[in-house]
Amino acid sequence: MLNLRGEVAGLITAIATQGGGNEGVAFVLPVKIVRRIAEQLVRDGSAVKPFLGCGFDPVFAKKDRNALGIDRNIGARINKVIPDTPAARDGLKTGDVILAFNGTEVEDDKHIVNLVAESEVNKPAVLKINREGNTVEITVVLGEQVSR
């Protein structure tokens, strides 16, 4: 997929169409992720996916944010921390709200998933979180997602 300047913006992985042609909805991997995977394949012969190890609340609403003192529509609330993962090892807890990831403000649960996917395995990530109304920073070293 190209942008209006003719630059590669992403790699189309599938197209959902009614008639089987090139019209419809395209599913695209962003070029940042494609580039990272390509570099790993060339360098190592395989690619790994970064992994944090927690699940997020998809219905984290404005009233929930307000109750925690978050005055803007930002953040992704953790609703599950998987044992023996980077999230568990580095101290994230159920109920924590991730406000920023490496300095980038987190919009919602989908945004944090994308930010993690664009990161590198075994590199530290600084998370600004809201824990029970208090803002703290936690450094997490992302792991490698293992296929099961």
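Of the contacts in the chain (heavy atoms within 4.5 Å) that link residues at least 6 apart in sequence, 47% join residues at least 24 apart. The model is a predicted one, in which local features need pLDDT of at least 70 and side-chain atom pairs count only at pLDDT 80 or more, whereas totals for chains, interfaces and linings use all residues. Residues are numbered from 1 along each chain as its sequence is written, and side-chain values use heavy atoms, with hydrogens and water left out.

The chain contains 4 helices and 10 strands, taken as DSSP runs (H or I of at least four residues for helices, E of at least two for strands) and numbered from the N terminus. Their order along the sequence is β-β-α-β-β-α-β-α-β-β-α-β-β-β, and the C-alpha atoms fill a box of roughly 50 × 35 × 30 Å along the principal axes.

Of the 148 residues in the chain, 33% are buried, that is, under 20% relative accessible area, with exposed meaning over 50% and partly exposed in between (1.4 Å probe, protein chains only). The accessible surface of the chain, computed by the Shrake-Rupley method with a 1.4 Å probe, comes to about 9,500 Å², and 52% of this surface belongs to carbon and sulfur atoms.

Met1 lies in the segment before strand 1 (10–16) and counts as partly exposed because its relative accessibility is 45%.
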